[in-house]
Amino acid sequence: MVEEDLPLLSVVGLTKFYGRRVGCIDVAFDLHPGEVMAVVGESGSGKSTLLSLLSTQLEPTAGSIRYRMRDGVMRDVFALTEAERRFLMRTDWGFVHQDPALGLRMAVSAGANVGERLMAVGARHYGRIRGEALSWLERVEIETDRIDDPPRAFSGGMRQRLQIARNLVTGPRLVFMDEPTGGLDVSVQARLLDLLRTLAADLDLSVVIVTHDLAVARILSHRIMVMRQGRVIETGLTDQVLDDPHEPYTQLLVSSILQV
Amino acid sequence: MSAVGPTSAKGAAPPHPAAPRPPSPDGRRTGGADGYNFAYLDEQTKRMIRRAILKAIAIPGYQVPFASREMPMPYGWGTGGVQITASILGPDDILKVIDQGSDDTTNAVSIRRFFEKTAGIATTTRTREATIIQTRHRIPEEPLADDQVLVYQVPTPEPLRFLEPRETETRKMHALEEYGLMHVKLYEDIARHGHIATTYDYPVKVDGRYLTAPSPTPKFDNPKMHMSPALQLFGAGREKRIYAIAPFTRVVSLDFEDHPFEVNRFERPCALCGADNVYLDEVVLDNSGGRMFVCSDTDFCQERRAAGHAGEMLARAPSFVAGQR
Ligand SMILES: [Zn+2]
């Protein structure tokens, strides 16, 4: 079997309860290299809980998440040591937050924001770190003469693009995104979506993107998972699900009656 | 050095802090002033602090929490250092206290008097004579010996605090040796100033493991911390932390391959004693721009002059700079 056929991420029976309240129940899927999967649903559907579980910020009540490490071995992410997990999160994984203040250091320069992950894995040559930062700023369409400015001085769209560069600098294979275009103007959103789609394709990224916006899902994702009340109610290729939804709830979502 | 105080050296039980002070079991006086235990702190507190110190020595550079006590002086006066000194001081110790390299500032004089009064111990301004040196800002120019202890007063023990305000997170970073963030700070320095502009409290890695703050000493003194024969103890009163560098421990200043660590360089020798390669303070002489550069280590400067060395301005320096000697 060739590597491409093997899943990068394999989720089985993933369940989270907050006391008696349901977070999500029995979620299962495989994610393959280069695959972009959107998780859609209203607030309270369990999509945010799912993302927190996948990115190991929350521990599940039941179920497992296995990830194919760079050596090809599938590992249960909750059986990793904390040091291994943190290393994974800042090298082979990325996380793009809706609020860039959660994903950036707002008071340090754009260059240092991009360079931090490199320094965290031992880069000790200032000139080379700066060179990498410059090329990533270019790649996410930030003027390179802004390299010494802090993100505080950036627009919302620029902050999001900087957050993306900061995540991608170590060449991660899996990126989680939480409403990455939320709160941005429509024209800014369009530009960001275009950039994300190009980067994901060029870098062969696997992405799990959580969004309430079906338009975002349609532009970025290959596959879609519709969640409601903690459960996955419909899943399939994005175009098929959005063009021909089977579940009545998905039909309501698509007909935009329920869209926020 | 008497690293262990007089009563616990004999294994005696500590007096209850609230109880009236009993006569010292070994017949030695328990203090230089009535109403205080030897060196002010009660024996139980000193033992608690000594345990923290022993742990700190065993894990060089690691910040050990301790139950910092109120001292009869403000935090800015180095209560962390004072508590360490009080805990390791024995009746035969000779104490030197420096502040910015000088024995004569209000802070240094007050702390010296405090221990003269509460412990009845001898004090000195001579680095060579001292068994314990409590310092803020400087390491003496005179190389220290293996029978000396250097006690630093530390305001900010956590070197990562600048970029990471959460204590839970910085503790985790230390535990997992995740120190990339410190290089982010040095990167910012170079991006802004073209070189690493941090000149005080320049971060070091101790024994190849713990990232450590040297306290507000100039980076000029960092190389003196490396493989020092003297025991180095650090006390932060307000932040309730003690850490240590055991004698002959590696201390490496962080840097980049293309921006290596460099000590401050001075263009001229001391104007009073002519010493080269020492840390100099600028002294303003008058309102018309007159100034001179002199040793920040006043004892070192005086000893050199007493030995016959003279800088270019020794003869015409006013007495407030040159001193009475
Ligand atoms: Zn001098």
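At 6% relative accessibility, Asp299(B) counts as buried (under 20% relative accessible area; exposed is over 50%, partly exposed in between, with a 1.4 Å probe and protein chains only). This is a predicted model, in which local features need pLDDT of at least 70, side-chain atom pairs count only at pLDDT 80 or more, and totals for chains, interfaces and linings use all residues. Residues are numbered from 1 along each chain as its sequence is written, chains are lettered from A and ligands numbered from 1 in the order in which they are written, and side-chain values use heavy atoms, with hydrogens and water left out.

**Stop 1: Asp299(B)**

Select Asp299(B). It is part of helix α8 of chain B, residues 298-306. Helices are DSSP runs of H or I with at least four residues, strands are runs of E with at least two, and both are numbered from the N terminus. Now show what surrounds Asp299(B). Beyond neighbours within four places in sequence, its contacts are Lys96(B), Asp103(B), Thr125(B), Arg126(B) and Thr127(B); contact means heavy atoms within 4.5 Å. Look at Thr127(B): its backbone nitrogen is 3.2 Å from the side chain of Asp299(B). That is a polar contact, a pair of N or O atoms within 3.5 Å; within protein, one must be able to donate a hydrogen and the other to accept it, and residues adjacent in sequence count only if both atoms are side-chain atoms.

**Stop 2: Thr170(B)**

Move to helix α5 of chain B, residues 167-175, and pick Thr170(B). Is Thr170(B) buried or exposed? It counts as buried, at 0% relative accessibility. A polar atom of its side chain lies 3.0 Å from the backbone oxygen of Glu167(B). Leaving out residues up to four places away in sequence, Thr170(B) touches Glu158(B), Leu160(B), Arg161(B) and Glu164(B).

**Stop 3: strand β9(B)**

Select residues 241-245 of chain B. Five of the five residues of this strand, β9, are buried, so it is largely enclosed by the rest of the structure. Arg241(B), Tyr243(B) and Ile245(B) point one way, Ile242(B) and Ala244(B) the other.

Which strands pair with β9(B)? Strand β1, residues 64-65, pairs with it in the antiparallel sense over two bridges. Strand β8, residues 231-236, also runs antiparallel to it, joined by five bridges. Two strands pair if DSSP finds at least two bridges between them. Four residues lie between the strands in the hairpin of β8(B) and β9(B), where Lys240(B) takes a positive phi near 60°.

**Stop 4: two packed helices**

Select α2(B), residues 43-58, and α3(B), residues 79-88. They pack at an angle of about 100°, with their axes 9 Å apart. The two helices are therefore roughly perpendicular to each other, the class for angles of 65 to 115 degrees (under 35 is roughly parallel, over 145 roughly antiparallel, the rest oblique). On the α2(B) side are Lys46(B), Ile49(B), Arg50(B) and Ile53(B); they meet Gln83(B), Ile84(B), Ala86(B), Ser87(B) and Ile88(B) of α3(B).

**Stop 5: two loop residues**

Find Glu177(B), in the loop between α5 and α6 of chain B. Its phi is positive, near 55°. Glu177(B) counts as partly exposed, at 34% relative accessibility. Then switch to chain A and select Glu141(A), in the loop between α5 and α6 of that chain. Phi of Glu141(A) is near 65°.

**Zoom out**

Chain B has nine helices and 12 strands. Of its 325 residues, 54% count as buried.

Methods: Axes are lines fitted to C-alpha atoms, for helices over the stretch in contact, and angles run from 0 to 180 degrees between N-to-C directions.
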